[in-house]
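I opened the model to look up its core, its domains and its chain contacts. My entries follow.

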Amino acid sequence: MSKKIDERLPKNSGQGVVTEYPAIRSPWGKLVSFQEAMHYVSRYDAVMSAVVMQAFRILLPDYEQRAQKMCVSAYNRLEQIQKMYGKYSMVEHNVHPFCRGNFVGALTGDSGDDALLMCGRVQDFGTYRAEKELDVCDWDIVGSDLCRATTQSLQACADVWATNLRPSKSHLEYHMVEAKGCGDLHCRIVAESREKYPMPPHQQWECFGPVATAEQIKFTPEEECIKESMVFREECDYTFANGTNWERDSSSVAMVRMTNAASGYIFPTMMELIQDGTLDEKFTDHVLHCLFEAAGKAAFGEAYAKKGLLQWLGVPAGIDDGRIMGGHIEMYLQALGCEYEIEAFNEKEVIYVIDRKALSFGFDKFVTAHVSYWYGMTKTLVNAQWSLWEESQDTPADKLRIKIAKKIDKFC
Amino acid sequence: MYYQNIYKYDDMKRSEHMAVRQNVGWYLWTHQLIEVTGNDAAAFLDLLFTKPIGTLKIGKERYTTMLDEQAEIIDDVVVFRLAENTFWISTLFAPYMLNWMNMHKGDFQVAYQDITEKYHMYAVQGPLAKDMLNKLVKNNIDEQKFFSIADNEINNIPVKINRAGFTGEKWGYEIYVPAEQADAMEEILRTAGAEFNAKEVTEFQIMAWTLPTEAGFYYMRDLRHTNPLEVGLEKGIDWEKDFIGKEALLKIKETGPQREMLGFTIDEADIFIKGRHYGGPGEAVYVNDEEIGRVYKIVYSYVLEKNIGYILAKKGVLNIGDHIDIHGHEAVIVEKPFI
């Protein structure tokens, strides 16, 4: 096969003619706005995280054990990070020197939510109680064990921030008392001072309530729920603003590119369990490989799913080969901000060389997951004659070269 | 839908708030401090702030706004004159202020630094605050005037006593103490306070929201993207001197401000209305189906026993005494301060 690039719009087509517009663009010139692209990549990664979670559930079937491991891992990791960067983050968030106690940590939860497109509102913010309500969470398909772990990451941030302030007699315990991942209308964090509102002790993973101040909850009815972060809402002047006056523009939502549920919560726990011998790495990889292939196949198993994607990408009539899969991958990579080069793009083969580090979210297993996922997709988005695989020979270690072409494999 | 008021039934918050109103309350109230020195310090600060700084006498202070070129308030601060060429600025946004100073320093012979870590500050506020402090200080403070700062001593700890506060109390003081003496100072205040039924205010919501709002004060979030003419802070602006934002503010003065910050009360206690003090846009306020403003803040007044707050509204639409609907609840437009 010749590594040629078939007729397609060059990457810089139209540059300088049309006023620069922040968008991602399909190989056929279809533009997708920054706002939609961020939503797209956020949900895409959430779907992948759901697959990783299913793998983890196979590997570690006991809910309590799994949730506890994830909570401990999340707390410890965020504790280390905040010990390094917490002071800087507190300056950004305008934490005032007169504040005492870990309630100020609620500020980082609030800004982080908005940047991750998990829009909602602060309902209470005080030394002894804080409450945040979310209307949207792209991670709501991953699993309740993840919800618990995210609560512990917030707890860690809050606890470390408090160490940079004058000591307090109040220590807030953060609970997620409602979770969209559990079917609730909202996600709701209620943080309570155990000195003011005593409750029985509990295990770390049991950070789902009950809380002592349930009667103080401010529940927003469905008809008043919002769908967008402040940076995408006119009533907010397209600006995120918190109660201590930290303001950010829409570039803040690029945070969705920096993390996802799987990379931040599930993979680290898996790796810790591999290191301590609880999990076998070979079998872990096998499970990930199997599940991602199946998930990829399921994504375009129905004709309407393929039809929808063709329309979204603006694929011209008559194209029904590996380039469709290539277009799908390119949109994701652009939305993710992951650099890639096109080595071939024609009716017989499509080859990309991708920045491996940017794709990995810090965990190389996520690259493997992508390859398996895209392989599965290729089987249904194009057809079973087509395949997608990694070509590692003559490829630098920091690059991922993938090829989409027809291939017969008697052991697939 | 029933929303339990987070203030009304909370005995702890109530007792901390009412201690300040009835006896005395004390609390950590450390702000960020920027020290400005140099031959041109006064002139430099006159450029940054709307009110006159060069005319301040040594030992006196002034509350003033700081504007950007569009006349938007970017900070509201207290400036102290400690010596002829030495000033302190009390702010909650020191990093931004330092950047702003860097941008406008030009040829001014001036130096500035963030000295926040050197001092903690304790507020002692309420009718018995003076009596309580007089039991502690080396030099009696009976004659200390409002908005003045003076060196003093408490248990051999060198302090600066500032007569001021964010509560609206006539007898309000702030003690600047070397940071390493903060533990000792807390113990001194705790012990001395017993005689006066003093209470330590520990709740952020009381020190930052309920006490100041009753007094009609602003917390920085209230002022964001407003100008002094909209929020009633034009008094004392020195129109004779140059200051950043003056040109834009003069234009606004000529045409009149488009918005105004109004006070409101709601008798109904158990409601929930979104205020900008939590972040976000605040609840929209409608009159005849037209959005005329947003709720900037809503808290509870323990003195009035009702909800109180601010609306930034289109100028001239609402008048004192008007009854309006905010998210299904009857509100009354009232004068500020509330007490």
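**Core**

I looked up the largest nonpolar core, which has 210 residues; Val52(A), Met325(A), Leu45(B), Tyr122(B), Val124(B) and Ile175(B) touch the most other members. I took a core as a set of buried Ala, Val, Leu, Ile, Met, Phe, Trp, Tyr and Cys residues joined through C-beta atoms within 7 Å. Buried means 20 or more other C-beta atoms within 10 Å of the residue's own, with C-beta atoms placed from the backbone. H1(A) gives this core its largest share, twelve residues. Domain 1 (23-45 + 279-406) and domain 2 (61-263) of chain A each supply at least three residues.

The model is predicted: local features need pLDDT of at least 70, side-chain atom pairs count only at pLDDT 80 or more, and totals for chains, interfaces and linings use all residues. Residues are numbered from 1 along each chain as its sequence is written, and chains are lettered from A and ligands numbered from 1 in the order in which they are written.

**Ile175(B)**

I listed its contacts (C-beta atoms, placed from the backbone, within 7 Å). Beyond neighbours within four places in sequence, Ile175(B) meets Met121(B), Tyr122(B), Val124(B), Val159(B), Ile161(B) and Met185(B).

**Domains of chain A**

I noted that the domain bounds come from an automatic or database assignment. Over C-alpha atoms, the centres of domain 1 and domain 2 of chain A are 32 Å apart. Their contact takes 13 residues from domain 1 and eleven residues from domain 2. Helix H1 (residues 34-59) of chain A gives the most to the domain 1 side, seven residues. Helices are DSSP runs of H or I, at least four residues, and strands are runs of E, at least two, numbered from the N terminus.

**Chains A and B**

I found 31 residues of chain A in contact with 29 residues of chain B. Strand S3 (residues 120-125) of chain A gives the most to the chain A side, with four residues.

Terms used: Two residues are in contact if their C-beta atoms, placed from the backbone, lie within 7 Å. A residue is buried if 20 or more other C-beta atoms lie within 10 Å of its own, exposed if 12 or fewer, and partly exposed in between; C-beta atoms are placed from the backbone.
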